[in-house]
Amino acid sequence: MLVEASLIKRAQSGDASAFNEIVRAYRKRILGTIFRLISRPEDVEDVAQDVFVRLYFSLDQLRAPEVFEPWLYRLTVNAAYDYLRKRRRSADVRMADLSEEQLSLADAAAGAKESAKQEDQKQLRETLDVLMDQVSEDDRILLGLKELQGLSLRALSEVYSVSENVLKVRLFRARKRVLKAYDRLKKRNEI
Amino acid sequence: MTDEREAWLDRLFAACRNTFGGMDASPEFIPSIWARIDEERRLGWVWPMRQWATRLVGVAATAIFILAAVLSLSNGSSSLDIREASYVDALTADSFDEGEGHVLLIAETSR
């Protein structure tokens, strides 16, 4: 754990400075996790703030400080899940936003030439984004936590409160669906 | 073929895993969290009040409806009683008067 159990207990009793310390300790990790799950840099901070607001209001429900991390991951997953569902609902609006964003990115790219490596990385991310957009939020988040965030099966089983075997099956099926989406997109020359 | 595709997916995930460099929040990150907490608290106070008010309006409307229904029923039945009562009363009174008169008349003639 990145913080002591006593700090969590202090935050639970309403100590604002203890809560701030927890935010400072976990902020980078949460931002990274959300970035991997939603792949929208412009929205990462907003979703991360949402996670910490949820944390603040549900701290009193945490019974044992030892399970703080899986519990924080669960809050992160829920916030990412809500964000992805909202984004899917307003897909048309987002498309308009994206085209503006792409324009501004293109402008920025004209000013500062990207290196070939950065370009490759960008393309990989875009490929993954396209694939992840084809599967459900559940699959996306599970694969994001396992394959991108690098959580172990044991850590995942604590987050999801299911056995490792159940997770293995879910991961296997999620990967199959991603590959199926890849085949479909490749057939239509969209990838 | 399947293994190749699986391996390709693994490579894609691995490559993307490495592209997500450590990002940090803006200096406004923590103040914004507190602003949102305060906002939630404010809404947290207003929201139950609003729910309570909505429920109260609902309960009041139901109570008024029930009261109106009860009153209209009781008025209806009482007015019916009154109507019936006055009719029966009128008849009884008539027949009683007539009967009594008749009885009285018989009594007087027999005397």
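**Figure 1. The residue after helix α9(A).** N189(A) follows α9(A) and has a positive phi, near 55 degrees. Helices are DSSP runs of H or I with at least four residues, strands are runs of E with at least two, and both are numbered from the N terminus. This is a predicted model, in which local features need pLDDT of at least 70, side-chain atom pairs count only at pLDDT 80 or more, and totals for chains, interfaces and linings use all residues. Residues are numbered from 1 along each chain as its sequence is written, while chains are lettered from A and ligands numbered from 1 in the order in which they are written.

**Figure 2. Length and burial of α9(A).** The 24 residues of α9(A) should span 34 Å at 1.5 Å a residue, and the end C-alpha atoms are 35 Å apart, which agrees. The expected span is 1.5 Å times one less than the number of residues. A174(A), R175(A) and V178(A) are the buried residues of α9(A). Buried means that 20 or more other C-beta atoms, placed from the backbone, lie within 10 Å of the residue's own. Their cover includes α6 and α7 of chain A, together with α1 (2–19) of chain B.

**Figure 3. Packing of α8(A) on α9(A).** Helix α8(A), residues 153–160, packs against α9(A) at about 100 degrees, with the axes 9 Å apart. Axes are lines fitted to C-alpha atoms over the stretch in contact, and angles run from 0 to 180 degrees between N-to-C directions. The two helices are therefore roughly perpendicular, a term for angles of 65 to 115 degrees. From α8(A), the contact uses L153(A), R154(A), L156(A), S157(A) and Y160(A); from α9(A), it uses E164(A), L167(A) and K168(A). Contact means C-beta atoms, placed from the backbone, within 7 Å. By class, this contact has 4 nonpolar, 1 polar and 3 charged residues. Ala, Val, Leu, Ile, Met, Phe, Trp, Tyr, Cys and Pro count as nonpolar, Asp, Glu, Lys and Arg as charged, and the others, Gly among them, as polar.

**Figure 4. The side of chain A that touches chain B.** The contact takes 26 residues from chain A and 21 residues from chain B. On chain A, α2 (16–38), α3 (41–58), α6 (116–133), α7 (137–148) and α9 (164–187) each give two or more residues. The largest share, 8 residues, comes from α2(A). This side of chain A divides into 13 nonpolar, 6 polar and 7 charged residues.

**Figure 5. Confidence along chain A.** The average pLDDT, the predictor's confidence in each residue from 0 to 100, is 87 for chain A, and 87% of the residues score at least 70. Over residues 92–96 of chain A, the pLDDT is below 50. Beyond near neighbours in sequence, this stretch has 1 contact in the model.

Definitions and conventions:
Contact = placed C-beta atoms within 7 Å. Parallel < 35°, antiparallel > 145°, perpendicular 65-115°, else oblique. Buried ≥ 20, exposed ≤ 12 C-beta atoms within 10 Å, placed from the backbone.
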